[in-house]
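Here is a friendly briefing to read alongside the model. Please keep the 3D view open while you go through the points.

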Amino acid sequence: PFASGAFPAASSKTRLTQTSHSSARRWQRMPDYNQHMVKADSNIGFVQFLISEKRYEDWAVTGCFYSAVHLIEMAIYSNSSIKFDGADIKHSSDIEKRFPKATPVPSSPHAMRKRIVESNQDYFGRDFLRAYRTLERLSKESRYMCYEIDEDYLKAAVDDVNVVIKHINAKERSDFPEITMP
């Protein structure tokens with residue numbers, strides 16, 4: 001249903017190889033600033049498209065969350081002021097690599113990212129953290145709980161992702177469009 005060129009195409013640099021570690025697969029290289037920027041822009045466009053079509057509201061909510069994920073990863077990559085336990089990081093997955101025996105190590109990439117946001121309030125701030133936590137919860141509920149997503153539920157996700165977009169635009173001097181509801 002998407003027109004050719006409707007979303008930015010991934011460059012050949014985004015092709016990642018995987019190595020097998022027992023049953024788990026690990027990425028050898030994480031995306032850089034530009035790759036996160038392209039993915040955030042693509043997700044924002046995807047959400048706006050779904051809203052305009054008035055379809056798949058659960059995926060629109062999930063897209064709001066993943067827009068925020070890539071905006072946060074973009075900020076982590078570009079800011080030396082964002083740290084984890086005093087150490088420089090370029091991606092939330094750096095926690096696992098740099099602190100394999102640290103206690104407690106967050107149990108998932110989402111938990112790692114949330115801990116980075118929580119521990120860098122000088123960069124992110126309280127409103128940002130509240131919005132990110134809410135987006136994560138709404139996204140999980142819309143994916144796993146099979147809730148009927150009404151306009152108010154979707155609007156809550158849109159309002160929160162717009163908090164994230166405005167913050168990142170101001171901090172990163174970027175110009176991601178805010179998502180609008182009809």
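## Asn 162 and the ground rules

Asn 162 is found in helix α6; helices here are DSSP runs of H or I with at least four residues, numbered from the N terminus. This is a predicted model, in which local features need pLDDT of at least 70 and side-chain atom pairs count only at pLDDT 80 or more, while totals for chains, interfaces and linings use all residues. Residues are numbered from 1 along each chain as its sequence is written, and side-chain values use heavy atoms, with hydrogens and water left out.

**Around Asn 162**

- Asn 162 counts as buried at 7% relative accessibility, where buried means under 20% relative accessible area, exposed means over 50%, and partly exposed lies in between (1.4 Å probe, protein chains only).
- The side chain of Asn 162 reaches the backbone nitrogen of Ile 179 at 2.9 Å.
- Setting aside residues up to four places away in sequence, Asn 162 touches Glu 178 and Ile 179; contact means heavy atoms within 4.5 Å.

**The largest nonpolar core**

- A nonpolar core is a set of buried Ala, Val, Leu, Ile, Met, Phe, Trp, Tyr and Cys residues joined through side-chain atoms within 4.5 Å.
- The largest such core has 41 residues, and the members touching the most others are Cys 64, Leu 71, Phe 124, Leu 135, Val 164, Ile 168 and Ile 179.
- At least two residues of this core come from each of α1 (33–53), α2 (57–78), α4 (109–119), α5 (126–144) and α6 (151–172).
- Helix α2 provides the largest share of this core, with 11 residues.
- As general background, nonpolar side chains tend to be buried together in soluble globular proteins.
- Not counting residues up to four places away in sequence, Phe 124 touches Ile 72, Ala 75, Ile 82, Ile 116, Val 117 and His 167.

- Leu 71 has its place in α2 and is buried, with a relative accessible area of 0%.
- The contacts of Leu 71, leaving out residues up to four places away in sequence, are Ala 40, Val 164, Ile 165, Ile 168 and Phe 176.
- Leu 71 and Val 161 are 90 residues apart in sequence, yet their C-alpha atoms are 9.9 Å apart in space.
- His 70 is also found in α2, and at 16% relative accessibility His 70 counts as buried.
- The side chain of His 70 makes a polar contact with the side chain of His 36 at 2.9 Å. A polar contact is a pair of N or O atoms within 3.5 Å; within protein, one must be able to donate a hydrogen and the other to accept it, and residues adjacent in sequence count only if both atoms are side-chain atoms.
- Apart from neighbours within four places in sequence, His 70 is in contact with His 36, Lys 39, Ala 40 and Asn 43.

**One side of α4**

- Met 112, Arg 113, Ile 116 and Val 117 are the buried residues of α4.

**Salt bridges**

- A search of the whole structure finds 8 salt bridges, each a side-chain nitrogen of Lys or Arg within 4 Å of a carboxyl oxygen of Asp or Glu.
- Glu 73 and Arg 113 meet through their side chains in a salt bridge (2.8 Å, N to O). The pair links distant parts of the chain, with Glu 73 in α2 and Arg 113 in α4, 40 residues apart.
- Glu 73 is buried at a relative accessible area of 1%, and Arg 113 counts as buried at 5% relative accessibility.
- Glu 141 and Arg 137 form a salt bridge (3.1 Å, N to O), and both lie in α5, 4 residues apart, about one turn of the helix.
- Glu 141 is buried at 17%, whereas Arg 137 is partly exposed at 42%.
- Asp 159 and Lys 155 form a salt bridge (2.9 Å, N to O); they are 4 residues apart in α6, so about one helical turn separates them.
- Salt bridges that share partners join Lys 114, Glu 136 and Lys 140 into one network.
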